[in-house]
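I wanted to look up the annotated sites in this protein and see what sits around them. Here are my notes.

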Amino acid sequence: MAKTEKTETKASDKINLSNPEYYFNRELSWLEFNRRVLAEALDSRTPRIERLKFLAIYSSNLDEFFMVRVAGLKRQKEAQVNKLTPDGRTPQQQLNEIHQKLLPMVSEQHKYFENTLKPELVKFGVHILNYIDLNQEQRSYLQHYFEEQIFPVLTPLAIDRSHPFPYISNLSLNLAVVLKNPETKEDLLARVKVPKLLPRFVSLPENLRIQKNEQPSVWTGVPLEQVIAHNLESLFPGMDILEYHPFRITRDADLSVQEDEGDDLLLVIEQELRKRRVGGSVVRMEINPTMPSSIKEMLYEEMELEPEDIYTVEGVLGLKDLMSFMALPLPELKDKSWHSVSPRWVQQSEDVFDSSNNGEAAKDLFATIRAKDVFVHHPYQSFSGTVQRFIEQAAYDPDVLAIKMTLYRTSGDSPIVNALITAAENGKQVAALVELKARFDEENNIQWARKLESSGVHVVYGVVGLKTHTKVVMVVRQEEGKIRRYVHIGTGNYNPKTAKLYTDIGIFTCRQDLGADLTDLFNFLTGHSRQQSYRKLLIAPVNMRDRFLTFIRREIEQAKRGETGRIVAKMNSLVDRTIISTLYEASRAGVTIDLIVRGICCIRPGLKGISDNIKVISIVGRFLEHSRIFYFYNGGQEEVYIGSADWMPRNLDRRVEAVTPVEDPEIAKDLQEILGTLLCDNRQAWDLQSDGQYIRRSSSDKELSAHEILMETAIKS
C-alpha cells in the first residue's frame with residue numbers, strides 16, 4: 001500500500017502547473033466581470049435609477065477596455081507578436097473571442113434599456129422619449145432650443161472629392177447625413193459631430209412635460225443627437241435631407257511613454273496627452289442596424305476597420321451618459337442614502353485647539369495614534385474625518401516638521417492637495433510624489449503637480465520605469481526633543497470623492513519600524529536610494545513577490561505536516577502566473593484557500609487534483625470593492641496584511657507598491673471579520689466555476705449583503 005501511495009504521489013507530482021488549460025484568459029475574464037456589472041442593471045432588486053447607473057458603468061468600462069486592452073491586442077497583431085498568453089491564445093484569437101462574447105452582451109444591454117427600463121421609468125414620471133414621440137408644441141420648443149443653444153456650436157463637414165474624410169475624435173458621437181442637391185439631383189454625404197459640452201439628454205420645461213394618469217412628470221426629454229437630426233435643414237439650407245445615421249467610434253488612447261533619465265517626464269506626458277486628444281487608430285465603431293451598407297462600408301474603409309471592430313445595436317448609442325439621471329430627485333428609485341460615520345476612536349480622541357478648524361476645538365488624532373494603532377474602513381467610516389483630517393492637522397500643527405505622501409489619483413478640488421500647500425506655506429518640509437502616469441488622470445495630476453510646485457512643495461514624478469501606485473503618508477513630528485513618525489498606509493487613493501464609493505482600508509500607526517521603512521521608501525522615490533531590504537513592509541518591486549510566495553509556501557509546509565493550512569486573500573485582480581501556480585501547489589498540499597477577487601481572475605478553482613481546495617467569489621454591488629487584504633493562518637500565529645497591490649505582474653514587478661503587516665491584534669481581528677462577512681455574502685456575491693462562468697449566489701433563507709451588514713456595523717460601532 002505504501003509503495004502504491006508513493007507511486008501515485010510521484011505521478012501526481014509530474015503535473016505541469018504551467019499548462020494553459022489551468023488558466024483563464026485575462027481579457028475574457030474581464031468581460032465576465034463587466035457581465036456582472038451588467039447583471040446589477042438587469043436585476044429587479046436593484047432600484048431603477050441605480051439600474052441606469054450600472055448601464056452607464058458597463059458602457060464606461062467598455063470604453064476604457066477598448067481604448068487600452070483591445071487597442072493593445074491590435075498593436076500586438078500589427079507587430080506580428082505571436083507570443084501566447086498563459087492560457088495559450090494569440091492576439092488574434094483574443095480579438096475574435098472578445099467580439100463573439102461582447103455582441104450578445106451589448107445587445108442585451110441596449111434592448112433592456114429600450115424595451116424594459118424606459119417603459120418602467122415612465123410609471124415614475126421619467127420619460128426618455130424619441131423625437132418622433134413629441135407633439136408639435138414640444139417640437140417647437142426644441143427647435144427654438146436648437147437655434148439658440150445647439151446650432152452655433154455645430155460644424156457640419158462635407159465628405160466628397162474636394163473634402164477629404166474628416167478626422168473623427170475618440171469617443172465622439174456623430175451623425176452621417178445623406179443629402180440630395182435638388183438642382184443636380186446628386187446624393188451627398190456630410191458628418192455632424194454631436195458636441196460633448198452640451199447635455200446629452202435635453203429636458204423639456206415643466207409645462208411641456210408628459211403627464212400620465214395624474215402622475216407628475218419629474219423629467220421629460222430626448223437625446224441631444226435626435227434634436228440635431230430633426231433640425232438638420234438649418235445646417236444644410238437648400239438641400240433635401242434624405243436620412244441620417246448615428247455612429248460612435250473608439251480609438252486607441254493608451255499612452256506610450258518612453259522614459260529616460262534625462263527626460264522631463266511632465267513634458268513627455270503632456271506631449272502624449274496631446275496625441276491622445278487626437279487619438280490613435282480606431283478600435284471600435286458602434287452603429288444602429290438601420291445604417292445602410294453603403295455608408296457602413298464607406299466608414300469601414302475610411303477608418304481601416306476590421307469586421308470585429310463593428311458593433312450594431314438598437315437605440316441610443318453611448319449609454320454611459322445615462323449617469324446624468326442620477327441627479328434626478330427620486331430617492332425612492334435609488335439606494336438608501338449613506339453617510340459615512342465617524343469612527344469611535346475619533347469620537348473618543350481628545351480635543352485640541354486647531355487653527356485649521358476655524359479656531360474651534362478639533363480631535364487630536366496624533367494623541368490617539370500615539371496610544372495605539374487605529375484603522376479606517378471607507379466608505380463605511382468617514383474619509384474627511386480621518387485621513388483628510390490627519391493631513392490637515394499636520395499642516396497646521398506647529399510641532400510637525402515634514403509631510404511626505406504619494407498621490408496616484410485625487411479629486412479635481414482636492415482638500416488633500418490644498419492641505420499640502422498650506423503645510424508648505426507654514427514652513428514645513430513637504431514632499432509629494434505625484435504619479436503622472438495614472439491612466440486617464442494624467443492631465444489632472446499635471447495641474448496639481450504644477451500648483452504644488454509653485455507653492456513650495458517638493459514634487460517628484462516617480463521612479464524611471466515604474467508607476468508609483470502605493471498609498472502612504474508620513475508625518476514627522478517633534479515631541480519632547482525627539483522625532484516621531486506618524487504614518488497612514490492604505491489600499492485606496494487619497495480621493496475624497498471615490499472614498500464615498502470604493503471600499504478601502506487604512507491603518508494609522510507610529511510604530512518605529514514602519515516609520516523607518518517609509519523613510520527608506522520615500523528616499524527611494526525621491527532620491528537615488530536603491531533600498532533592497534525593509535524591516536516590516538512588503539515593497540514592490542523589491543521584496544513583495546518573494547515575501548508573498550514565502551507566505552504561501554509556509555502554508556504548504558504546514559499542510560504537508562498534517563497541520564492546518566489556510567489562506568484568505570481579497571484583491572481587485574488575480575493574474576500573476578507564478579502566484580497562481582503556487583496557489584495550485586498549496587491546494588494540492590491541502591491548504592484551504594478562499595479568494596475574493598472583484599474583477600479579473602485567471603485562476604481556475606475546483607479542478608480535480610489541481611485546485612480542489614480553492615474557492616473564488618466576486619462581489620459586485622453598491623460599492624466598488626477596492627481593498628486588498630491578505631490572511632495567512634501561519635500555524636496558528638495568524639498574520640494579516642493590507643496594502644495597494646493586487647496579485648498581478650504589473651503590481652509585483654512594474655509598480656512601486658506597499659503592503660503592511662497588521663500588528664495590532666484587535667485590528668487584525670476586525671479585518672478577519674470583514675473577510676468573513678464578505679465570504680458569507682449571498683446578495684452580491686458570485687461563485688467562479690471551473691469552466692469560467694460565475695453563478696450568482698442566492699438563498700432561500702435570509703439575504704445577506706456584505707455592504708448592508710458593514711453599514712450597520714459602522715453605525716453600531
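Predicted model: local features only at pLDDT ≥ 70, side-chain atom pairs only at ≥ 80, totals over all residues.

I went to Asn61 and found it in helix H3, which covers residues 48–78. Beyond its neighbours within four places in sequence, Asn61 touches Trp30, Phe33, Asn34 and Val37.

Next I checked Arg598. It is in the loop that runs between strand S22 (592–597) and strand S23 (614–619). Buried or exposed? I asked that of Arg598. Arg598 is buried, because its relative accessibility is 15% and the cut-off for buried is under 20%. With neighbours within four places in sequence left aside, I noted contacts from Arg598 to residues including Phe33, Arg36, Met571, Asn572 and His626.

Which residue does UniProt list for "active site"? The record, again an unreviewed entry, gives His469. I found His469 in the loop between strand S16 (467–468) and strand S17 (472–479). At 5% relative accessibility, His469 counts as buried too. Neighbours within four places in sequence aside, I logged its contacts as Tyr408, Arg628, Ser644, Asn651, Arg655, Val656 and Glu657. For Ser644 I have a distance as well: the His469 side chain reaches the Ser644 backbone oxygen at 3.3 Å.

Terms used:
Residues numbered from 1 in each chain as written. Heavy atoms only, no water. Helix = DSSP H or I, 4+ residues; strand = E, 2+ residues; numbered from the N terminus. Contact = heavy atoms within 4.5 Å. Buried < 20%, exposed > 50% of the residue type's maximum accessible area, 1.4 Å probe, protein only. UniProt positions renumbered as here; feature names shortened; annotations may be inferred. Polar contact = N/O pair within 3.5 Å; in protein donor to acceptor, adjacent residues only side chain to side chain.
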